[in-house]
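Hello,

Here is the model we talked about handing over. Please open it alongside this note; the findings follow below.

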4 protein chains.
Amino acid sequence: MIRFNCDYGEGAHPEILRRLAETNFEQTPGYGEDEYCARAAEKIRELCGNAALGVHFLVGGTQTNFTLIAAALRPHQCALASASAHIAVHETGAVEATGHKVCVLPSADGKLSAAGIREAIENYWNDETHEHIAQPKLVYISFPTELGALYSRAEIAAIREVCLEKNLLLYVDGARLGYGLAARGNDVDLPFLAAHCDAFYIGGTKVGALFGEALVISAPALKEDFRCVMKQRGAMLAKGRLLGLQFLTLLENGLYFEISARAVRLAEKLSEGFRAAGFPLFAESPTNQIFPILPDALLRRLSEKFSFATTARVDAERTAVRFCTSWATREEDVDALLAALKNS
Amino acid sequence: MIRFNCDYGEGAHPEILRRLAETNFEQTPGYGEDEYCARAAEKIRELCGNAALGVHFLVGGTQTNFTLIAAALRPHQCALASASAHIAVHETGAVEATGHKVCVLPSADGKLSAAGIREAIENYWNDETHEHIAQPKLVYISFPTELGALYSRAEIAAIREVCLEKNLLLYVDGARLGYGLAARGNDVDLPFLAAHCDAFYIGGTKVGALFGEALVISAPALKEDFRCVMKQRGAMLAKGRLLGLQFLTLLENGLYFEISARAVRLAEKLSEGFRAAGFPLFAESPTNQIFPILPDALLRRLSEKFSFATTARVDAERTAVRFCTSWATREEDVDALLAALKNS
Amino acid sequence: MIRFNCDYGEGAHPEILRRLAETNFEQTPGYGEDEYCARAAEKIRELCGNAALGVHFLVGGTQTNFTLIAAALRPHQCALASASAHIAVHETGAVEATGHKVCVLPSADGKLSAAGIREAIENYWNDETHEHIAQPKLVYISFPTELGALYSRAEIAAIREVCLEKNLLLYVDGARLGYGLAARGNDVDLPFLAAHCDAFYIGGTKVGALFGEALVISAPALKEDFRCVMKQRGAMLAKGRLLGLQFLTLLENGLYFEISARAVRLAEKLSEGFRAAGFPLFAESPTNQIFPILPDALLRRLSEKFSFATTARVDAERTAVRFCTSWATREEDVDALLAALKNS
Amino acid sequence: MIRFNCDYGEGAHPEILRRLAETNFEQTPGYGEDEYCARAAEKIRELCGNAALGVHFLVGGTQTNFTLIAAALRPHQCALASASAHIAVHETGAVEATGHKVCVLPSADGKLSAAGIREAIENYWNDETHEHIAQPKLVYISFPTELGALYSRAEIAAIREVCLEKNLLLYVDGARLGYGLAARGNDVDLPFLAAHCDAFYIGGTKVGALFGEALVISAPALKEDFRCVMKQRGAMLAKGRLLGLQFLTLLENGLYFEISARAVRLAEKLSEGFRAAGFPLFAESPTNQIFPILPDALLRRLSEKFSFATTARVDAERTAVRFCTSWATREEDVDALLAALKNS
């Protein structure tokens, strides 16, 4: 079975394993107060062009999302998100378990827009009964989205402007950030994100690490006591250095960007292959996830050798599915899949 | 600096790193539904002598504690624990953050007793105002305790009996379980724990793993939907196989018990050394943590070469401190510490 | 100013005040353990035709909703509701503050249907990633809905059937239950609700009481420890007898049904008046709330003498508004409003 | 049965019932935005000598406590309270249900002291592991305490000083505030409380009202969005005017202070009677609660005609019990109790 169903099917980039082994018997302080975390945080501040950023290393994406949101909101406040957002759908109510509502805004493609946010705030929250409605305080977007779409600089800047105007925080879920930054046509980079978001995270789990997400916080109010909230939410790893070392390895010489770019290139190859074979795409994704619409008969045959995820039923005979590449994808596996397509 | 301040200062047993590297490019399903988790769970069931146990792999101890407790209690129920229990003191209110009170019972040595639990229930909770008091439903004990003490079979069996009588669940925090099981004089083993607790965990973070705790659940009501609660609490690792593989490595050929025993032997050597040098112990610990009472002047001198944790101020000139050994402790470091003592 | 903007603008039915005064100096046990609560609960069991029902008296609707839902759900479970449901919109995230998601189902008219619930469960929750999605356990409907619509016996019975099949609890918010039961064409009654819901409440605040909601619980699992959850959520009134006495007054001789019927008759008079004057209704409501679509110019003029609530902007020149009658509405005020319409 | 077991056994002061009846058919806005609430709040600001105070009317004490605390704390913060504090013992874990730990400080008499708070903060919270410990942010004291003790101006001023120094909020639970203010020897008054606390409440439920507590907030950060948190916690009464009117009645002409003083005088009479009959007091209370230590045989006999609460078992033959007076206590009932004592 060749797995394209997700981008967390393998372990870590070998360089990470090498350095874990190399440093294994070093003795360091626990809970992220070690040298590797310090250096990785420093590297991230440098890459973001802002020496004042708070940087914290957490284990997983759901954990990062609810810890940040719990730290950001007062009891009656809620997060705004697209109806297909990860926090709205795939985290078993993790944000709600911290006491906060996730208010979803309609979105055709899974992206929020500045106009949509403004309209929602002005129509829905700006009335006389506002005390009876959970109050929006944080806008959650993903870069890339669940369907691999990206925001442009202009879009993020516009959202940022609405956020400033309406007193909202902007938080970007970057579980697949590397693949987004490496996408063709993308104009967003780390300094831009750091300058326009109150917080965002650089995903490691899906981009070369064994596990780990690097949360970057620029909002001063969120920086102060964040480690207490991390500890409370089980998000402070005892051997925090494992996180620091991984992000240091990924970021100090550009490995993160390099492996992301390679994965995106393989995804493009797949994407072109599907198109060339006459299959439309369910969503336009310039990132490492490809969503072809395929006949069920073909899917049954492919599933004997390849794994993929189901995205949506399209009609009686066709289904949109997801193929992911990752830092670990082998080009020969991509070729095998494309060959299987041709023989179909 | 030679670190004795904690038992999570190094990485992992080299065999774990070897196997992580060996299996790195295997593609497995995520979220703990892989072969390694299945085999590790099966091994744990075998070691516990009970094929029906639920086994789940979580990342850290605080996370394991609050996830289990949140899954076990109804909204108005509380956990009973010793006043020095980890959940009562060192988890930043993590259990309370899930909505539940931790009710502490007095304890001279950090252990709960069957008689103490019974007395508390009968005096405190058995009155007419019970609806106004958080209702106890789960007894939390640690094996070993924060100060390295152990419960005997007889003590646990007696606690179990009270729990059955009073309709309480019994949960054992086993962050340092290996060191407890390996202690001189201990008569508890895995089958005994599995038979007498509703849930307990086999600590990995402090006993040879990079991270990870294996939660063993015997209570049927807790088994059913536990994975949903794990996901909600950020406790379901995307690459769950990392946990399965680590526990498989530790448990399939007895490595866990072997490295635990070695650490305990080194702790005994330290303990005897402190006693021989004329320093009393703050607490009797047959496990990997040693709590000598040392003059502050000596501590200042030791602290130039060795790290340790502060436990309690004893009098104007002496402090009780903690030295930990672990699976990673080098005998030469123990010898160096003892030599430094003699020269004092 | 004549107020039609809500149905909680006045105090209580005079008979309630009379009996509060009459019994004022009686000494009773607190927290709902008095004779009046016992008798009111007994009366409700009798009216529902089920001697085994749990009956509790709470102060307000939001409180009743979140207390019941918090008592009913395990941590990872959610409530299903219409997108316009009170718990989804107008309670400042109160259910989420207890840790639970409210999952909304699309609905044209604010009502849920058996088919809609079944389809949602089968399409959305019945897939392989179910552990990553909050699990539905309770269906919340309102009788009447926010827009005054009612469910028929057949509709509720069908929802009940889906609930039984899918292992869901059915809970009915009856903030305006009296007005629903008294509506023309309604075929639902208390015995029917008691037999088909796991819990529902008989609203007092909006139907003649100073405050208070009588929660009726038939599901055995919810009955056992409900008072503990009430106390924890601040929902156990110290002088509980105030609630018992009010419901006893309302229910023992049919006053609740009588005053509800009168309010509905006045609402019908209003409704016919709006129609006769050529104004369409935004929603068909046979209950005490009427939603005419009126020209903004008329609304401006009416608002000098009458208060009403804004429901929705309909087009550039017209707005749907809400006029409520209640147990306290004076027929002369209804006539004055209708006269004002005619003169418009 | 003559009830001395609590101070919430009767309804309300007749003047309150009279005004409820008088205003019953007035139409007012809901949710506390009516004229009576505005006037009562204004009166409280005037009595406190501070026109900038936030004033909110809630239904009950538990609700007031957890709503205020939930609004005041960040997720990882805790409240400090005496081990016998109402929030620590008698609210079914209501504060914990909002996610926050209640950290108890030892106290011989149920009072906290400035020195005790300072010592706890400096010894317990001021160490290197502070991120692992719930962080204190609010000091909770009761005036009077559960055992009827009072704080002097000097004591509160000293606590206030520690709070300012350690960045803690000071909150005073005034469920029985009237009885405390009316006590012999008391030197605290409303302006003093308003000037020294971040929030406190003027208890109505136990002091003449049907129900209701007037929460007074001086801390600017707590004032801003408090009504949203109230609504979320079910603490915003639909017919808020009932609360406003009751507090207006109690406070506008001094009725609150007058009835409190009368109850305290009757309690003193009781207290002196117990002493004269040779029975010691379990706690010195100058307020409306009296705690004599009585032989069990006498208690059995008294219990045929009088109700009282059990406070603590003192020895094999004696029990400390509680007799309460209230605004509603009849002097003849006090005399009957004293007569029963003499005949014993």
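Start with Asp335(C): at 34% relative accessibility, Asp335(C) is partly exposed. (Buried means under 20% relative accessible area, exposed over 50%, partly exposed in between, with a 1.4 Å probe and protein chains only.) Lys269(C) is also partly exposed, at 27%. The side chains of these two, Lys269(C) and Asp335(C), form a salt bridge, 2.9 Å from N to O. A salt bridge here is a side-chain nitrogen of Lys or Arg within 4 Å of a carboxyl oxygen of Asp or Glu. The pair links helix H13 (residues 255-276) of chain C to helix H15 (residues 331-342) of chain C, 66 residues apart. Helices (H or I, at least four residues) and strands (E, at least two) are DSSP runs, numbered from the N terminus.

Some ground rules. This is a predicted model: local features need pLDDT of at least 70, side-chain atom pairs count only at pLDDT 80 or more, and totals for chains, interfaces and linings use all residues. Residues are numbered from 1 along each chain as its sequence is written, chains are lettered from A and ligands numbered from 1 in the order written, and side-chain values use heavy atoms, leaving out hydrogens and water.

Another crosses between chains: Arg74(D) to Asp225(A), at 2.7 Å. Arg74(D) is partly exposed, at 24%. Asp225(A) is buried, at 11%.

Now chain C against chain A. 19 residues of chain C contact 19 residues of chain A (heavy atoms within 4.5 Å). The buried area is about 1500 Å², and carbon and sulfur atoms give 48% of that. Buried area is the accessible area (1.4 Å probe) that two parts lose on being put together, summed over both. In chain C, Thr92(C), Glu96(C) and Lys101(C) lose the most area to chain A, together 36% of what that side buries. Two salt bridges span the two chains. One of them pairs Lys101(C) with Glu96(A), at 2.8 Å from N to O.

Last, symmetry. A rotation of 180° with 0.0 Å of shift along its axis superposes chain C on chain A, RMSD 0.0 Å.

Best wishes

Definitions and conventions. Least-squares fit on C-alpha atoms with pLDDT ≥ 70 in both.
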